[in-house]
Amino acid sequence: MHDVGTSVQFIDLTLMSILFLFVVGFIGGLVSGFIGSGGAFVLTPGMMSLGVPGTVAVASNMCHKFPKAMVGAYKRWKYGQVDLKLGLVMAASAGVGVWIGIQLQEWVLAKWGQAGSNLYVSLSFVIILVVVGGYVFFDAWKTSRSGGEEKVSPLATWLQSINLPPMIYFKTANVRISVWFTIPVGFATGMLAATIAVGGFIGVPGMIYVVGAGGLVSSATELVVAFVMGFFGTIKWAMHGQVDIRLTLLILAGSLFGVQLGAIGTTYVKEHMIKVVMGSIMLIVAVSRGLAVPRYLTELKLISVGETTLSIMGTASFIIMCFALSFGALIILGAMWKAKRAETAAKKAGFASI
Amino acid sequence: MKNFSDQKGKGRKAVDESSGGSGTTSNHSQEVKRKILVVGKDYAFSNGVVDYAANLSQRLGYDIIAMSVNPALGTSGKFFSPYNQHLRGKFTQRAQEAWVPVATELASQGIRSEHVVKFEGLAGAIKDLNHEVKRIDFVITDQGIKDQEITGEIPLPVFSISGYQGEKGMAQEHHETANRGKLITRTIGLGVASVALYAAVFTNSGTVMKYFTKGGIFTALPIITVLAFSFVHGAFASNLWSVLGIEATKKVQPRVAPKRPAQRKRPRPQLHLNA
C-alpha cells in the first residue's frame with residue numbers, strides 16, 4: 001500500500017492549468033453550493049485532459065469535495081436549510097450503495113472489459129439524467145407557472161401517510177416518514193455516486209419527490225451527504241497515496257469562494273430555482289454523455305463509426321459538459337442579480353413612499 | 001431651552017437655538033430644508049427612533065426636529081403652580097441634557113437637528129409646532145406613544161416605531177457600519193494567512209508530495225491540510241463576500257422550532273370522602 005503512491009506519475013503545473021483548476025473549482029463550487037452537487041463531472045475529465053492519471057484525478061477531486069461540502073453545509077446550516085438527521089441517514093445508506101455500486105462496476109468490468117464498463121457508465125448517465133432531469137425540469141416549469149409555490153409530491157404525501165415503524169421525524173425538513181422509505185433514496189444516491197461520481201443527481205430529487213423535503217432543504221442536506229461520502233472516499237484514496245494535494249488545493253482555492261456564493265444565492269431566489277438549475281444541468285450533461293456512447297459501442301464492435309467522427313464527438317462531449325456547468329452558474333448568478341436588484345428597488349420604493 | 005407652551009405664534013423663535021454649540025442648532029442663513037418631526041413623551045428618545053430618523057434624513061436630505069412632550073405637566077389651571085413650574089424646568093433640563101449627545105452624533109453624520117420641549121397634549125403640540133416651524137413633512141412617534149393618544153386633526157402623516165423590532169433593526173445597521181473597519185482588517189488578515197499557507201505548500205511541493213503520497217499513516221496529512229485550508233481560506237472567502245456587500249438576504253428560512261411534546265398531567269390518586 002505504501003509504495004503505490006511512488007509509482008504514480010504526478011503532473012507539472014503550468015500557469016494555464018493552475019488557472020483552469022481555479023476557475024472550474026469556482027464554477028463547480030458555485031453550482032454545488034446552490035444545488036448541493038455538481039462540478040465533479042467536469043473536474044475529473046478536466047484534470048485528465050491536463051494529463052492527470054484517472055485515479056489521481058478522481059482522488060484529488062474527492063479530497064477537495066468533502067471540505068468544500070463542509071463549508072457549504074455550514075453556511076447553509078446557518079440559514080436554517082440543513083436537516084442534519086436526514087443527511088446522516090442518507091449518508092449511512094449511501095455508504096452501502098457505494099459499496100454495492102463498486103461491486104457492480106467490477107462485475108461489469110470483468111464481464112465486458114473497459115469499453116463495456118465505460119458504456120455502462122455512459123448509459124447510466126444518459127438514462128438517469130434524462131428521466132430524472134427531465135422530470136425535475138418539468139416540475140420546476142410547472143411550479144414556475146403556478147406562481148412559484150412548491151407543493152409536496154403525491155408520492156411523498158402517500159409514503160408519509162404509511163405508518164411503517166420505525167418512523168422518523170426530520171425537524172428542518174418537517175417530514176415524518178418511515179426509515180424504510182429513506183434508505184432506498186440514500187442507497188440509490190450511493191449507487192449513482194459510485195457509477196457517475198455525482199450522487200446528488202439522484203439524492204436531491206429523491207429527497208424532494210420521495211421523502212417530501214423542500215428543494216432548499218434537500219440541496220443543503222445533500223452537502224452533508226457529500227461531506228460524509230467524500231471524507232471516507234478520501235481516506236480510501238489517500239491510503240493508496242493517490243491524492244495530489246497541489247491539485248486539490250488549487251481547486252479548493254476557487255471552490256471555497258464558489259460554494260459560499262452559491263449558498264448565499266439560495267437566500268435570494270425562489271425555491272423552484274434549485275430545480276431549474278439542476279434540471280438544466282442534468283439534461284445538458286445527458287446530451288454530453290450521449291455523444292460519448294458511440295465510441296464505446298464502436299469499441300465493443302456493436303456499431304461502426306469513423307475515428308474522426310468519434311474524435312469530434314468526444315471533443316463536443318467535453319465542451320457541452322463544460323457548457324452545462326457554466327450554464328448552471330449563469331442561471332444562478334443571473335437569478336441572484338435579478339433578486340438583488342428587485343430588493344434594492346423595493347427598498348428605494350419603500351423610502352420614497354414615506 | 002425654552003418652554004414653548006407659552007410662546008405660541010412666535011414662529012421660529014419657538015425653537016431652541018442655544019444648545020451650546022454642540023451641533024444641535026440649525027443654521028438659519030442656509031435654506032429652510034424639509035423636516036422630520038420626531039416626537040417623544042419621555043425626556044430622552046429611544047435609540048430606535050433616533051436611528052430610524054437619522055437613516056431617513058440621510059437618505060432624503062431632511063433635517064430633524066425633535067420634540068419632547070410632557071402632557072402631564074401641561075394641565076390647564078396649574079400653570080402658575082410653583083411646583084409645576086419646578087417640574088417643567090427639571091423636565092426641560094433633563095431633556096436638553098439627553099439631547100446633547102444625540103445632536104452631536106447627528107451633526108457628525110451631517111444631519112442638522114433642532115430640539116423643542118412642549119407641555120400639552122400630543123396632538124396639540126404637533127399642531128402648534130407645525131404652525132410655528134415650516135416645512136415639516138411627517139411625524140415619527142417614539143416607542144410608548146399609542147395611536148389613540150394622537151387624537152384630533154393633525155395635518156401631517158404620523159408614523160410610529162414599533163418598539164424593539166425597529167430599535168434592533170436600526171441599531172444593528174448602525175453597529176454594522178461601525179464594525180466594517182474591523183471586518184476589512186479581519187479579511188486582510190485571513191487573506192494574508194491564506195496566501196502564506198498556499199506559499200508554504202507550493203514552495204515546498206517536492207517535500208510535500210513525497211510525504212503526502214506515502215499512504216498508510218501519512219493518510220492523515222492531506223486530510224488535515226485540506227481541513228486547515230478550509231478553515232482559513234473558507235473564512236477569508238466568507239469575509240470577502242461580506243466586504244463586497246454580497247450577503248444572505250434577510251428572508252432566509254427560519255429554522256423550524258422544535259416541537260415540544262404536549263405536557264400531560266400525570267394522573268394522581270385522589271381520595272374522596274363521602275361523609
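**Close-up views of a predicted two-chain model**

**View 1. Contact residues of helices α2(A) and α3(A).** In this predicted model, F20(A), V24(A) and G28(A) of α2(A) meet V42(A), L43(A) and G46(A) of α3(A). By class, the residues of this contact comprise four nonpolar, two polar and no charged. Residues three or four places apart on an α-helix point the same way, because the helix has 3.6 residues a turn. Helix α2 covers residues 15-35 of chain A and helix α3 covers residues 40-49 of chain A; the two pack at an angle of about 170 degrees, and their axes are 10 Å apart. Angles over 145 degrees count as roughly antiparallel, and α2(A) is therefore roughly antiparallel to α3(A).

**View 2. Helix α4(A) and the residue that follows.** Helix α4 of chain A, residues 54-78, has 25 residues. G80(A) follows α4(A) and has a positive phi, near 75 degrees.

**View 3. The largest nonpolar core and a separate one.** The largest nonpolar core holds 114 residues, of which A73(A), F227(A), V277(A), M282(A) and V285(A) touch the most other members. Helix α10 of chain A, residues 245-265, gives the largest share of this core, 13 residues. When residues up to four places away in sequence are not counted, M282(A) touches L129(A), V132(A), G133(A), V136(A) and F201(A). Another core, of 38 residues, lies apart from the largest one; among its members are V38(B), W99(B), V116(B) and I140(B).

View 4. The peptide bond from P165(A) to P166(A) is cis, and its omega is near 0 degrees. P166(A) belongs to the loop between α6 (154-161) and β1 (167-170) of chain A.

**View 5. N174(A) in the loop between β1 and β2 of chain A.** N174(A) is located in the loop that separates β1 from β2 (175-178) of chain A. Although N174(A) is not a glycine, its phi is positive, about 55 degrees. A residue is buried at 20 or more C-beta neighbours within 10 Å and exposed at 12 or fewer; N174(A), with 15 such neighbours inside 10 Å, therefore counts as partly exposed.

**View 6. The contact between chains A and B.** Chain A contributes 41 residues to the contact and chain B contributes 38 residues. On the side of chain B that touches chain A, at least two residues each come from α1 (47-60), α4 (164-203), α5 (205-212) and α6 (220-243) of chain B. The largest share of that side, 12 residues, is supplied by α6(B). Its residues divide into 21 nonpolar, 12 polar and five charged.

**View 7. The fold of chain B.** Chain B has six helices and five strands. Read from the N terminus, the elements of chain B follow the order β-α-β-α-β-α-β-β-α-α-α. Of the 275 residues in chain B, 31% are buried. Among contacts in chain B with a separation of 6 or more, 76% join residues 24 or more positions apart.

Conventions:
Residues numbered from 1 in each chain as written. Chains lettered and ligands numbered in written order. Predicted model: local features only at pLDDT ≥ 70, side-chain atom pairs only at ≥ 80, totals over all residues. Helix = DSSP H or I, 4+ residues; strand = E, 2+ residues; numbered from the N terminus. Expected span 1.5 Å × (residues − 1). Axes fitted to C-alpha atoms, helices over the stretch in contact; angles between N-to-C directions. Parallel < 35°, antiparallel > 145°, perpendicular 65-115°, else oblique. Contact = placed C-beta atoms within 7 Å. Nonpolar A, V, L, I, M, F, W, Y, C, P; charged D, E, K, R; others polar. Core = buried A, V, L, I, M, F, W, Y, C linked by C-beta atoms within 7 Å.
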